[in-house]
Amino acid sequence: MAEHEEFPVPGADDEGRDAASPEGQDEPKVADPSTGSGQADGSGDPSRKIDPETGEPREAASGDAPAAEGGEPAPAAAGAPDAGAASDDLSDEDRALLEGEAAAIEAERAAFEAKSAQQLDELQRLRAEFVNYRNRTERDRAGDRDATTASVIRTMLPALDDLDLAEKHGDLAEGPLAIVAQKLRASFDQLGVVRLGEVGEAFDIDKHEAVAQLPNPEVTEMVVADVVQAGYRIGDRMLRAAKVAVFVPAE
């Protein structure tokens, strides 16, 4: 049996579409490009001042002051609470937390000051030790120099004694020997060598050695009468005491 072919009836598809989409059904919602929302009526847009569903004006969000003309924020209402006053209204827990932080900062500052004072004291101690070491080193160096010079001069004292004897006998009045003696004594003076023992000066036990005592009614204290052998000193170092004869008061 042959199959019958069905032919489409003109307008049937249109009626089916009309039946599937009855008259009066809402149009599909289109995204609002200004808000980025998928709602076409803008009922979810918080910037709308009129509710599109009820037609009533919306109340401003809490904490948002209505903008004045020109984009400037409107002044706060007379009875609105101040933000600074609200920030001062802290709970006991927050106040205790702030006080604890302040105490910790104060303790840290005190510890830092104590550590700084300790380091300053240590630095001053190190500086004092360095100054003492430098002074001690300079004294030791000067003492070593004087000791070396004194050792050399002490070995030359017999030559100076011979020059003194030659001078007493008149051998240094003129001639080459007088020039040599003059240059030698000038060199000793440059080295800081001081001659001790002069006739007529008071007897000093620190630089004189009495080898003879001569009673004299004209003196009231011990006085150097004659220098047997001159003494010498360099700086504070005694090379040799002067051997002298002294006048003593007569009894």
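**Entry 1: the model**

I am working from a predicted model. I keep that in mind for every entry below.

I found an open sheet of three strands, in the order 2-6-3. Its pairing is mixed. Which strands sit at the edges? Strand 2 and strand 3 do, and each pairs on one side only. I also looked up the twist, which averages 25 degrees from one strand to the next.

**Entry 2: strand 2 against strand 6**

I took the parallel pair next. Strand 2 covers residues 208–216, and strand 6 covers residues 242–249. How many bridges join them? I read eight, in the parallel sense. I then picked out individual partners. H208 has A242 of strand 6 as its bridge partner. E209 stands opposite K243 in strand 6.

**Entry 3: strand 3 against strand 6**

I moved to the other pairing of strand 6. Strand 3 spans residues 223–229. Is its pairing with strand 6 parallel or antiparallel? I noted antiparallel, over five bridges. Here V227 stands opposite V244 in strand 6.

**Entry 4: helix 3 and helix 4**

I turned to the helices. For a packed pair, the description rests on the angle between the axes and the distance between them. Helix 3 runs over residues 92–168, and helix 4 over residues 176–190. Their axes come within 11 Å. The crossing angle is roughly 140 degrees, so helix 3 is oblique to helix 4. The cut-off matters here, because only angles over 145 degrees count as roughly antiparallel. I also checked the hand: helix 3 passes helix 4 in a left-handed crossing.

**Entry 5: the second largest pocket**

I finished with the second largest pocket. I recorded a volume of about 220 Å³. Which residues lie nearest its centre? They are D164, K168, R195, V228 and A230, out of 13 lining residues. Two elements give two or more residues to this lining: helix 3 and strand 3. Helix 3 gives the most, with five residues. I sorted the lining by class as well. It has six charged, five nonpolar and two polar residues.

**Entry 6: cross-reference**

I tied the entries together by element. Strand 3 is an edge strand of the sheet, and strand 3 also contributes to the pocket lining. Helix 3 crosses helix 4, and helix 3 lines the pocket too.

Technical notes: Residues numbered from 1 in each chain as written. Predicted model: local features only at pLDDT ≥ 70, side-chain atom pairs only at ≥ 80, totals over all residues. Heavy atoms only, no water. Pairing = 2+ DSSP bridges. Helix = DSSP H or I, 4+ residues; strand = E, 2+ residues; numbered from the N terminus. 1 Å grid on protein atoms, 1.4 Å probe; cavity = no way out; pocket = protein on both sides within 12 Å on 5 of 7 lines; lining within 4 Å. Points joined across faces, edges and corners; volume = space filled by probe spheres on them. Nonpolar A, V, L, I, M, F, W, Y, C, P; charged D, E, K, R; others polar. Axes fitted to C-alpha atoms, helices over the stretch in contact; angles between N-to-C directions. Parallel < 35°, antiparallel > 145°, perpendicular 65-115°, else oblique. Left-handed = near helix turned anticlockwise from the far one by under 90°.
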